[in-house]
Amino acid sequence: MFSSVPGPIGIFDSGYGGLTIFDKIRAAMPGYDYIYLGDNARAPYGTRSFEVVYEFTLQAVTKLFEMGCHLVILACNTASAKALRSIQINDLPHLDPARRVLGVIRPTVECIGNITRSRHVGVLATGGTIKSESYPLEIHKLFPDIKVSGEACPLWVSLVENNEAQGDGTDYFVRKYINELLAKDREIDTAILGCTHYPILLPKIRKYMPESITIVSQGKLVADSLKDYLHRHPEIDAQCTQNGKCSYYTTEAEDKFTESASIFLNEAVTVQRI
């Protein structure tokens with residue numbers, strides 16, 4: 001069904017947020033080839049049902065397989081929370097058992113035990129990710145003693161995608177969700193940014209987050225984890241081409257993607273609509 005010839009690493013996100021993950025992956029592994037696919041026409045995923053997120057994510061993964069990718073990273077917390085496990089267990093065996101799909105939640109969670117001292121952790125994420133309880137479930141698998149509190153931040157993605165991350169009006173919503181999280185547990189000493197858009201809001205998040213709280217951003221953690229994964233799985237690494245090439249695809253208008261992508265990557269990109 002799919003070509004057996006080695007190909008690029010696929011990076012998928014519902015929109016632009018995955019570019020914050022991709023940026024760190026490319027910095028850590030610059031020699032590899034990448035395809036970035038943003039389903040911008042149907043973003044955001046955070047408010048959608050499990051069934052719809054699974055359906056959309058499977059479509060994207062299948063498309064990236066068709067484009068030659070043997071390894072796909074779901075650089076989207078909502079897709080990782082709502083679709084990853086189903087795709088790994090139910091779809092990969094008959095699509096192609098040799099291909100791999102990885103998410104961003106597990107690599108983020110693995111480091112938490114070494115960061116928190118109070119064993120009280122907060123998660124700021126989309127409504128979909130919070131509702132899925134993926135972070136508490138994954139954290140408790142590794143660290144049963146850690147207490148996890150989550151807060152949905154439904155407006156943060158829209159603020160970032162509308163280029164309002166540095167706007168004065170954004171302060172109100174950043175402060176509001178941080179305060180609501182801390183009101184749930186005053187002992188939180190570590191806060192996970194459980195959405196790939198949120199690093200764009202870091203200056204304002206740092207402004208309103210108490211200095212005693214460590215803010216965990218995902219990009220470098222996911223990049224380091226992927227590098228380690230490929231080192232441990234040479235058979236997958238051998239299926240990833242290394243010519244230093246990056247291609248970008250969007251389901252929305254090309255000019256809109258190009259404009260917004262520059263905010264995330266600080267460089268101009270050429271994109272194709274699919």
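Predicted model: local features only at pLDDT ≥ 70, side-chain atom pairs only at ≥ 80, totals over all residues.

Biologist: What is the order of the strands in the open sheet of six strands?

Modeller: In general, strands of a sheet pair through backbone hydrogen bonds, either parallel or antiparallel. In this structure the order is β4-β3-β1-β2-β9-β10, and the pairing is parallel.

Biologist: Which are the edge strands?

Modeller: They are β4, residues 100-102, and β10, residues 271-273, each of which pairs on one side only. From one strand to the next, the twist averages 20°.

Biologist: How many bridges does β10 form with strand β9?

Modeller: There are three bridges between β10 and β9 (residues 246-250), in the parallel sense. As an example, Y249 has Q272 in β10 as its bridge partner.

Biologist: Which strands does helix α4 touch where it packs on the sheet?

Modeller: Helix α4, residues 84-95, touches β3 (71-74) and β4. The direction of the helix makes about 170° with that of β4.

Biologist: Let us turn to strand β7. Which way do its residues point, and are they buried or exposed?

Modeller: Within β7 (residues 190-193), T190 and I192 point one way, whereas A191 and L193 point the other way. All of these are buried.

Biologist: Which partners does β7 have in strands β5 and β8?

Modeller: Strand β5, residues 120-125, pairs with β7 in the parallel sense over four bridges; L124 has L193 as its bridge partner in β7. Strand β8, residues 214-216, runs parallel to β7 and is joined to it by three bridges, and here I192 has V216 as its bridge partner.

Biologist: What kind of unit do β7, helix α11 and β8 make?

Modeller: Together they form a right-handed β-α-β unit, in which helix α11 comprises residues 202-208.

Biologist: Finally, how many disulfides does the structure hold?

Modeller: A disulfide is a covalent bond between the sulfur atoms of two cysteines. The structure holds zero of them. For C76, the nearest cysteine sulfur is that of C195, 7.3 Å away; a disulfide would require the two sulfur atoms to be within 2.5 Å. C240 is likewise in no disulfide, the nearest cysteine sulfur being that of C69, at 8.7 Å.

Biologist: Why does C76 count as buried?

Modeller: C76 counts as buried because its relative accessibility is 5%, and the cut-off for that term is under 20%. C240 is also buried, with a relative accessible area of 5%.

How values were computed: Residues numbered from 1 in each chain as written. Heavy atoms only, no water. Pairing = 2+ DSSP bridges. Helix = DSSP H or I, 4+ residues; strand = E, 2+ residues; numbered from the N terminus. Axes fitted to C-alpha atoms, helices over the stretch in contact; angles between N-to-C directions. Contact = heavy atoms within 4.5 Å. Buried < 20%, exposed > 50% of the residue type's maximum accessible area, 1.4 Å probe, protein only. Right-handed = clockwise from strand over helix to strand, strands pointing away.
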